[in-house]
Amino acid sequence: MGNTTSSALSKEILEDLKLSTKFTENEICQWYENFQKQCPTGRITPEEFEEIYTRFFPESDAKSYARHVFRSFDTNDDGTLDFKEYIIALHMTSTGKTTRKLEWAFSLFDVDKNGYINKTEVTEICQVRAIFKLIPKEEQSKLPEDENTPEKRANKLWAYFEKKDNERLAEGEFIKGVIENENAMRLIHYEPIKQ
């Protein structure tokens, strides 16, 4: 078997994944490229999966949880995850929400790149966004009383994570907190309030 089949993602799997997840073709192909770099064999072992998973949830006991997740997605019981099983796992554990966007949002908030975000960093980003006028003027005036300044938005967002002002937040906690709160999601992506 030549390398051509392994380096290109089959149309069939691509279509299948587009149907069963909310990822776009572009995203799936990007995941696939990364997958091939990290797993030249085309298979992920439980150990590799744990490593990926722990990166998402550094504070929690991700290891034992990762094993369960791994087991539940190894649909053909061969002790490894292939690309399709891996994407479905990612999709399911991110509850189909845009985890990619949230990872990016986290790295955006993680100003000093130490792997955690704190309230000061969140406030800073909210202020930077306001300076760059990422929120149109006419939208600003429609914002609720507790969201109409960058500081208030930062306070409101931080409150969703149930952390004290001096505590810090890991990436997994951040993603989980946002996915569980529609309003936090809205504050992060700044989506206009649906009328």
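A charge is said to sit over a ring if NZ of Lys or CZ of Arg is within 6 Å of the ring centre and within 35 degrees of the ring normal. By that criterion, the charged end of arginine 168 sits over the ring of tyrosine 116, at 3.4 Å from its centre. The model is predicted, and local features need pLDDT of at least 70, side-chain atom pairs count only at pLDDT 80 or more, while totals for chains, interfaces and linings use all residues. Residues are numbered from 1 along each chain as its sequence is written, and side-chain values use heavy atoms, with hydrogens and water left out.

**Aromatic pairs**

- Rings of Phe, Tyr and Trp (its six-membered ring) pair if their centres lie within 6.5 Å, with planes under 30 degrees apart counted as stacked, over 60 as edge-to-face and the rest as tilted; a search of the whole structure finds ten aromatic pairs.
- The pair of phenylalanine 35 and phenylalanine 83 is edge-to-face, because the ring centres are 5.2 Å apart and the planes lie at 65°.
- This pair links distant parts of the chain, 48 residues apart, with phenylalanine 35 in helix H3 (residues 25-38) and phenylalanine 83 in helix H6 (residues 83-93); helices are DSSP runs (H or I, at least four residues), numbered from the N terminus.
- Phenylalanine 35 and phenylalanine 83 are both buried, where buried means under 20% relative accessible area, exposed over 50% and partly exposed in between (1.4 Å probe, protein chains only).
- Phe35 and Phe83 also belong to a cluster, linked by ring pairs, that includes Phe23, Trp31, Tyr32 and Tyr86.

**Salt bridges**

- A salt bridge is a side-chain nitrogen of Lys or Arg within 4 Å of a carboxyl oxygen of Asp or Glu, and a search of the whole structure finds 13 of them.
- Glutamate 25 and lysine 11 meet in a salt bridge (3.7 Å, N to O), which links distant parts of the chain, 14 residues apart, glutamate 25 being in helix H3 and lysine 11 in helix H2 (residues 11-20).
- Glutamate 25 is partly exposed at 32% relative accessible area, whereas lysine 11, at 55%, counts as exposed.
- Within helix H2, lysine 18 and glutamate 15 lie three residues apart, about one turn of the helix, and form a salt bridge whose closest N and O atoms are 3.5 Å apart.
- A network of salt bridges links Lys11, Glu15, Lys18 and Glu25.
- Glutamate 147 and lysine 156 form a salt bridge with closest N and O atoms 2.7 Å apart, and both residues are buried.

Notes. Helices (H or I, at least four residues) and strands (E, at least two) are DSSP runs, numbered from the N terminus.
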